[in-house]
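Please look over the sequence and the structure first.

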Amino acid sequence: MSSDNSVQMNLDSAGNMVRTLTKGLSIWVLVGWALFLFGFFILPKQNALKIEFYLLLVLPSLLLIPHWVKYYKKYRSPLLTMSLIFTGYMATTFFWSGVPLADWFFFFYKQVVFIFLWLLVTTWVSHHYPRLYFQTPIALVVIGSVVSVITVASYFYNHGWSFPRLTGLGILENSLVFAQAMGGVALASYVFCLQEENRSKAFFYAVAAFCCGTGVLLTQSRGPVAAMILTILIVSVLIGMDKKRVILLLFVGVIAAISVVGVFPDSLDGLVREGKFLSYRDLIWKKVLENSADHLWFGQGVVRFTDFDVTDRLSFQHSHNVFIDTIRFGGIVGVVLLLAHMGLAFKGWKNAQQHYPLYAWLLFGCLCMLTNGKFLLVRPDWIWLCYWLPIGFICAAQNRAELGIDR
């Protein structure tokens, strides 16, 4: 009996150690998840975001693999499965890219794992820490608004009323990246404002939307500006805003567009000249599609360095359109999988009113990627702000809906 008791005590002790370790790793993952999201707005450099992602989110998540395997059926959803299929296919196209296998084989499959872990962890957070899950988008609105106010204040302090292109601070230094980040925050704030019944909170969200939207306009980035205006109109119609208000919004948008043209008359320059139209996007898309004609079904295969020449003097890193870049590397099959993925993401949006801000963010991101998008199998960067960040929250929302979990 004493021997049996000793064995039982050892088993109990080992079980307690495993539970303590799992709890510690879970806290590590939770903190890493939140800091990773906030890092998109406050970190000084892009490399810092990647280091934070690997050390604070990926590493503890990998150590919790037994937990993910045990509870995967609970966390899975059609969107999560489709994400794995889509990214897995894009990584597999590497085999016919012509690049030596040893060079970048693991690089692309690592991205599949990283994206999968991000979606899985976000779903896990929604189950075990639902309050944090629902409050985090609001926290992102607050942080984004503060960053936008500081950036715009610095802009006017340094440039007065000369109106050069606004550049962000730290990780958002690039004008286009800043516009895409703040556009998503502005749209989420706008929808929060429409949904909020408390006047004080609605006013805060309206101010947040205005501050972030102003930042987007000052970047003079035509793609995000157009995406923001179009998303506002689509969202206003779809969520049932009064028609008179929609007409008023449209009127204000037209006046704003006329004002922008008046302040920046050079913004129309290229609309009548090839190459300048859409900042050379037309030439880029034409060149990429011509080069992809011989690999139409399955694409050329993903490669690490994606630079290509449009003319003798013009070289670009990507196609500036998510669908064209996907055709380039994954062919028609890749585009079909991408469309299926997007379709699953937006499926059931009507019954998810509490997640409308995230759907608005995703819609804005998808529209942005029509003029500044690349294939989605990438490490955490600006393309995550447009797509994988809102997809993570929506993936968790759909999982909760399938399980009948109330807020």
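Helices (H or I, at least four residues) and strands (E, at least two) are DSSP runs, numbered from the N terminus. The expected span of a helix is 1.5 Å times one less than its number of residues. The model is predicted: local features need pLDDT of at least 70, side-chain atom pairs count only at pLDDT 80 or more, and totals for chains, interfaces and linings use all residues. Residues are numbered from 1 along each chain as its sequence is written, and side-chain values use heavy atoms, with hydrogens and water left out.

The protein chain has 14 helices and two strands. Of its 407 residues, 49% are buried (under 20% relative accessible area; exposed is over 50% and partly exposed in between, with a 1.4 Å probe and protein chains only). Contact means heavy atoms within 4.5 Å. Among contacts between residues at least 6 apart in sequence, 74% join residues at least 24 apart.

| Helix | Residues | Expected span | Distance between end C-alpha atoms |
|---|---|---|---|
| α4 | 78–92 | 21 Å | 21 Å |

In α4, the buried residues are L79, L80, M82, S83, F86, T87, G88, Y89, M90 and A91. This helix packs against α12 (residues 322–346) at an angle of about 175°, with the axes 10 Å apart (axes are lines fitted to C-alpha atoms, for helices over the stretch in contact, and angles run from 0 to 180 degrees between N-to-C directions). The pair is therefore roughly antiparallel, a term for angles over 145 degrees. Residues of α4 in the contact include L79, M82, F86 and Y89, while those of α12 include F329, V333, L337 and H341.

As for α7, 19 of its 21 residues are buried, so the rest of the structure largely encloses this helix. Leaving aside neighbours within four places in sequence, S189 is in contact with V141, Y205, A208 and A209.

Two loop residues other than glycine have positive phi. F163, in the loop between α6 (130–159) and α7, has phi near 55° and is partly exposed at 23% relative accessibility. Q220, in the loop between α8 (199–218) and α9 (222–238), has phi of about 60° and is partly exposed at 26%.

Key
Parallel < 35°, antiparallel > 145°, perpendicular 65-115°, else oblique.
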